[in-house]
Amino acid sequence: MSNTVEESFLQLVKIMDDLREQCPWDRKQTIDTLRPLTIEETYELADAITNKDWKNIKEELGDIMLHLIFYAKIGAEQKEFTLQDVIDGVCNKLIVRHPHIYGDVKVNDEEDVKRNWEQIKMKEGKTSVLSGVPSSLPAIVKAARIQEKAKQVGFEWETKEDVWKKVEEEIDELKEAIEQDNKDNIEAEFGDILFSLVNYARFLHIDAEGVLERTNKKFIYRFTRIEQEAKAMGKDLKEMTLQEMDAIWNRVKKEKANP
C-alpha cells in the first residue's frame, strides 16, 4: 500500500532528522556550505526543464525539496524558525496576496493579479517595487524581473514597436561610441542594447534567458559535430579554413536530429 502525500512528507522530515544526527557529512553542513549545492541543484532543475526531461525534473524537485527540509532543520537547531513556521509563513503570504481568491477583490486577468501582488508587497513594508529582485540573479533573468516589476506600476512601453525603436536607438548609440573609440561608452551602450532586447523579448512573450540557453545548446551540438567530422577526415580544426568549417556547420543545420 503506497503512502499518502502527508506520510511521504513526514518520512522525508524523519530521514532528515536521522541524517542530521547520525551521518558525519550531514551533521557538518551549515547554511553556508549548503548554499552552493542548492544553487547547483537549481541549475540542474533548470536544465531538466529546458530539455523537457520529466524524469529528471521529478528527481531534481526531490533534491531541492530535501534542501528545503535541510535548511528548516538547521533553522530549528539555531532556534531561528521551524519547518512549521516556514510552511505557515508561505500559506499566510499566499492567502494575503490572493485577495481575489480569499477575499472580495475582483480581477479581470493575470495582469491585475500581478499589480495587486506588488501593491500588497508595498503595504507590507517594501521600500521599492524592485526590492524583491535578488541581487545574485543572472543578469538576463534579473533584467527581465526588473522590467516586469516596473511594469506593475505603469513604467512600461505601450507597444512592441515602441520597444523595437528603443533597441534601434541603442544600436545607433553603440555605433557612435565605437566610432569615438570610447571604451566606457561602448560597454555602457552594449549593456543598454542587451537590456532593451530583453525588454523586447518580454513584449514577444519570450523567455530571453531560456531561448539564449537553447541557442547555447544548439551551438555546442553543432560545433561538436564539426569537431567530430574534422576528426573523421583526419583534420585538426586549427588546420581548417572558416569556409570548410562553415560548410560542415550548414550541413549539420539540415539534419533532423539538430536541436
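Mentor: Start with the patch. A nonpolar patch is built from residues with over 30% relative accessible area and no salt bridge, their nonpolar side chains joined within 5 Å. Keep in mind that this is a predicted model.

Trainee: Which residues make the nonpolar surface patch here?

Mentor: W164, F190, L194 and L197 make it, and the patch covers about 370 Å².

Trainee: Which helix gives the largest share of the nonpolar patch?

Mentor: Helix α10, residues 183–203, supplies three residues, the largest share. W164 sits in helix α9, which spans residues 160–180.

Trainee: Is W164 buried, partly exposed or exposed?

Mentor: W164 is partly exposed, because its relative accessibility is 34%. That class lies between the 20% and 50% cut-offs.

Trainee: How many salt bridges does the structure hold?

Mentor: The count is 20. Take R20 and E77 as one of them: their closest N and O atoms are 2.9 Å apart. This pair links distant parts of the chain, with R20 in helix α1 (residues 5–22) and E77 in helix α4 (residues 54–77). The two are 57 residues apart.

Trainee: What does a pair within one helix look like? Where do E111 and K114 lie?

Mentor: Both belong to helix α7, residues 110–123. They are three residues apart, so about one helical turn separates them. E111 counts as buried because its relative accessible area is 19%. K114, at 29%, is partly exposed.

Trainee: And a pair between helices? Which helices hold R251 and E229?

Mentor: First the contact: the side chains of R251 and E229 meet in a salt bridge of 2.5 Å, N to O. R251 is in helix α12 (residues 242–253) and E229 in helix α11 (residues 208–232), so the bridge ties together parts 22 residues apart in sequence. Salt bridges that share partners also join E110, E111, K114, E148, K151, E156 and R202 into one network. As for cover, R251 is partly exposed, with 43% relative accessible area. E229 is buried at 18%.

Trainee: Now one lysine. Is K149 buried or exposed?

Mentor: K149 is buried, because its relative accessibility is 3%. The cut-off for buried is under 20%. K149 lies in helix α8, residues 139–151.

Trainee: Which residues does K149 touch?

Mentor: Leave out residues up to four places away in sequence, and K149 touches E118, K121, V129, L130, G132 and V133.

Trainee: Last topic, cysteines. What is a disulfide?

Mentor: A disulfide is a covalent bond between the sulfur atoms of two cysteines.

Trainee: Are C23 and C91 buried, partly exposed or exposed?

Mentor: C23 is partly exposed, because its relative accessibility is 22%. C91 also counts as partly exposed, at 38%.

Notes. Residues numbered from 1 in each chain as written. Predicted model: local features only at pLDDT ≥ 70, side-chain atom pairs only at ≥ 80, totals over all residues. Heavy atoms only, no water. Helix = DSSP H or I, 4+ residues; strand = E, 2+ residues; numbered from the N terminus. Buried < 20%, exposed > 50% of the residue type's maximum accessible area, 1.4 Å probe, protein only. Contact = heavy atoms within 4.5 Å. Salt bridge = Lys/Arg side-chain N within 4 Å of Asp/Glu carboxyl O. Patch = residues over 30% accessible without salt bridge, like charges linked within 9 Å, V, L, I, M, F, W, Y side chains within 5 Å. Areas by Shrake-Rupley, 256 points an atom, 1.4 Å probe, with all protein chains shown as cover.
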